[in-house]
Amino acid sequence: MKNIYNLEDFRGLARQRLPASMYAYIANGAEDELSLRWNRAAFEDYEFIPRMLVDVSARTQHIELFGQRYASPFGIAPVGLGAMYHFDGDVALARAAHAHGIPYVLSGASLTRLEKVAAAAPGIWFQAYLPGDPREVQRLLDRAAAAGITNLVITVDIPVSVSPDRYARFGFSSPLRPSLDMLWQGITHPRWTIGTFLRTLAQHGMPHLENWRADRGNPVLSSTLQKDVRNRDNFTWDHIRVARSHWQGRLIIKGIMCGADAVQAREAGADGIIVSNHGGRQADSVATPLSVLAEVVDAAPGLVVMMDGGIRRGADVLKALALGARCVFAGRPFNLALAAAGQPGVETAIALLRDELQRNLALLGLNHPYEIGPTRLRRRAR
């Protein structure tokens, strides 16, 4: 990692080490990838107003979120299939986050049982794709509670399967389909094939979607099975209220993109929301989280508002906080770091982002990230 200087530097290394199908799952967006590109471009619309001759020698990044102290105002967003990017990848991500005192959200599309990840890194958050059947909702929530989860993240922006063309172009499907192309990808990426896939088969057996439902889900490799997305297109706020009635911990809703839905979330009993367009992976041409963030914050006072989408730099973190977020999450950069170098790669990525944030605090005349606000940020003149 001697040539890694920022989060984007992990991308090339991950592309080299992963088969094209695996890299596509992390990196691709939906359809024409407009929202994927806009998520990054949105940060270029804002500029800082620094203050000079401020004593910044006592600056700190520590924040408190839902009664828990964290070392920095950023965390690792949920991304599925982490154990396919590096051996025991879900555990590696969780341990890296735990070691550095930042939030980690385990994906409902992960391949490692949440009980194992929670034992390896106490305090993880769990992101659930709740089914449309209230009985199954309760079973999954009971399982999460028994595993010690206290922060439940319900993702609400995936009522149907994602547009498949970007994935299909590189041979990705869910489950993966055995094919000559898949075989060739394995042959041409022996380090991944031996160190990740075959090692996983030898030690854990065929990976499955372990946390998609209360029971074990589909295997990651199958020629016949389809991903289980039944009863997702009838998912409504009534299901959120059912979840709230059964869940005793903090309830966070991910995928909110307008003020009206933020109000609905608060009325349904949510403790927090994550403003997100799913990283541009679901619907294309959707607005960017950064562009709607201030509206969402204003619409629902009292809610803990967080954001993900496009975070790559410490400056990005501060821009989101200036617009009202209390914490931000990044998914792709940390999973690319995982693919590139395992847990040490993730820890390096965390340290890089923290160093950038610490440096920017000083350069802007701030001692804490929450000191920034709308008066220190403005839209760039065009």
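A cavity is a set of grid points where a 1.4 Å probe fits but cannot get out, and its lining residues are those with an atom within 4 Å of such a point. In this predicted model, the structure holds 2 cavities of 30 Å³ or more.

The second largest cavity, with a volume of about 30 Å³, is lined by P19, S21, M22, L176, M182, Q185, G186 and W192. Helices α2 (20–27) and α8 (180–187) each supply at least two residues of this lining, and the largest share, 3 residues, comes from α8. By class, the lining comprises 5 nonpolar and 3 polar residues, with no charged ones. The largest cavity, for its part, has a volume of about 70 Å³, and among the residues that line it are L81, L111, F172, L176 and V220; its lining has 8 nonpolar, 3 polar and no charged residues.

Helix packing was examined for α14 (residues 332–364), which packs with α1 (residues 9–17) at an angle of about 165°, the two axes lying 10 Å apart. Because angles over 145 degrees count as roughly antiparallel, α1 and α14 are roughly antiparallel to each other, and their crossing is left-handed. On the α1 side the contact is made by F10, R11, L13, A14 and R17, while the residues contributed by α14 include L336, G345, T348 and L352; the residues of this contact divide into 10 nonpolar, 2 polar and 2 charged.

Helix α13 (residues 314–322) also packs with α14, at an angle of about 60° and with axes 7 Å apart, and this crossing is right-handed. Here G314, A315, V317 and L318 of α13 meet residues of α14 that include L353, E356 and N360.

Terms used: Residues are numbered from 1 along each chain as its sequence is written. This is a predicted model: local features need pLDDT of at least 70, side-chain atom pairs count only at pLDDT 80 or more; totals for chains, interfaces and linings use all residues. Side-chain values use heavy atoms; hydrogens and water are left out. Axes are lines fitted to C-alpha atoms, for helices over the stretch in contact, and angles run from 0 to 180 degrees between N-to-C directions. Helices (H or I, at least four residues) and strands (E, at least two) are DSSP runs, numbered from the N terminus. Angles under 35 degrees count as roughly parallel, over 145 as roughly antiparallel, 65 to 115 as roughly perpendicular and the rest as oblique. A crossing is left-handed if the near helix is turned anticlockwise from the far one by less than a right angle, and right-handed if clockwise. Contact means heavy atoms within 4.5 Å. Ala, Val, Leu, Ile, Met, Phe, Trp, Tyr, Cys and Pro count as nonpolar, Asp, Glu, Lys and Arg as charged, and the others, Gly among them, as polar. On a 1 Å grid over the protein atoms alone, a cavity is a set of points where a 1.4 Å probe fits but cannot get out, and a pocket is an open set with protein on both sides within 12 Å along at least five of seven lines; lining residues have an atom within 4 Å of a point. Grid points are joined across faces, edges and corners, and a volume is the space filled by probe spheres set on the points.
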